[in-house]
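Please read them with the structure open.

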Amino acid sequence: MDQKAPYDLQYLNELSAGDHSFVLEMIKHFCSNAGDSLDRMNDLTTKQDWGSLREVVHKFASNLNLIGLHEAAATSVRLEYITENREGLDQVPDLVAGIRASVEMAVVKLSEDYPFEK
Amino acid sequence: MATILICDDDFMMLRTIEHRLKIEGHEVLLSKDGQEASRLLQAQSGRVNLIITDLLMPFMSGLELINLIRVQYQLPIPIIVLSKVGNEDTILQAFELGADDYLTKPFSPNELSIRVKKQLIRR
């Protein structure tokens, strides 16, 4: 993995004690399912359903941490705070878009670096 | 080694904890919400040595599960909460309901291992 990779598998490798096949399973699952979470976040943002958005972000953040999307994970913490406290809600669309961009970039790079059958 | 019931509605987290515990030689039972964990506990009565549960889950939350285990089932099985929720009120509530330990996500795998060992020694 080069220095500019938009993901960091150090934590996942540590958790799995370096089991490559397990890491690949997690990468495949993330690449196959992240789109659903992103779509739900977009939908809930449009509906201004802040409680449900917070729940989706809360769950998705664990996956962001596992795959080492540090910037997106930090944004998710901010997003959770905003949606819980209903402060600065005007920032939500940009924050959701930021997470989407980071995740989509990571999925493309992960699919290149760890090719798997779809 | 022990039989450990994990309860988490996130597939990646569930599999990651399972993988880690299996490396250490434990038998692992998986459930994706409190209701499923409750059914497994009833079916596997006496076999589960430790429970690791998330808090925010559909159908039955981790706090409801802890309450069920302690009040209705009257089971003394050690319970470790493993959650992204780290606010003091929730942590205190979990302990008041009967949780034995509380770890926040993202967690250190070595810390999880040590806390699991500690709870298993106490049983």
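What percentage of the 123 residues of chain B count as buried?

1. The answer is 37% of the 123 residues of chain B. This figure, like the others below, comes from a predicted model.

2. For 123 residues, a compact globule would have a radius of gyration near 14 Å, and the 13 Å of chain B agrees with that. Taken along the principal axes, the box filled by the C-alpha atoms of chain B is roughly 30 × 30 × 30 Å.

3. Chain B contains five helices and five strands. Along the sequence they follow the pattern β-α-β-α-β-α-β-α-β-α. Of the contacts in chain B between residues at least 6 apart in sequence, 61% join residues at least 24 apart.

4. Strand β1 (residues 3-7) of chain B pairs in the parallel sense with strand β2 (residues 27-31) of chain B, over five bridges. Together with helix α1 (residues 11-23) of chain B, β1(B) and β2(B) make a right-handed β-α-β unit.

5. The contact between the chains takes 13 residues from chain B and 18 residues from chain A. On the side of chain B that touches chain A, α1(B) gives the most, with seven residues. By type, the residues on that side of chain B divide into seven nonpolar, two polar and four charged.

Technical notes. Residues numbered from 1 in each chain as written. Chains lettered and ligands numbered in written order. Predicted model: local features only at pLDDT ≥ 70, side-chain atom pairs only at ≥ 80, totals over all residues. Helix = DSSP H or I, 4+ residues; strand = E, 2+ residues; numbered from the N terminus. Rg over C-alpha atoms; globule rule 2.2 N^0.38 Å. Buried ≥ 20, exposed ≤ 12 C-beta atoms within 10 Å, placed from the backbone. Contact = placed C-beta atoms within 7 Å. Pairing = 2+ DSSP bridges. Right-handed = clockwise from strand over helix to strand, strands pointing away. Nonpolar A, V, L, I, M, F, W, Y, C, P; charged D, E, K, R; others polar.
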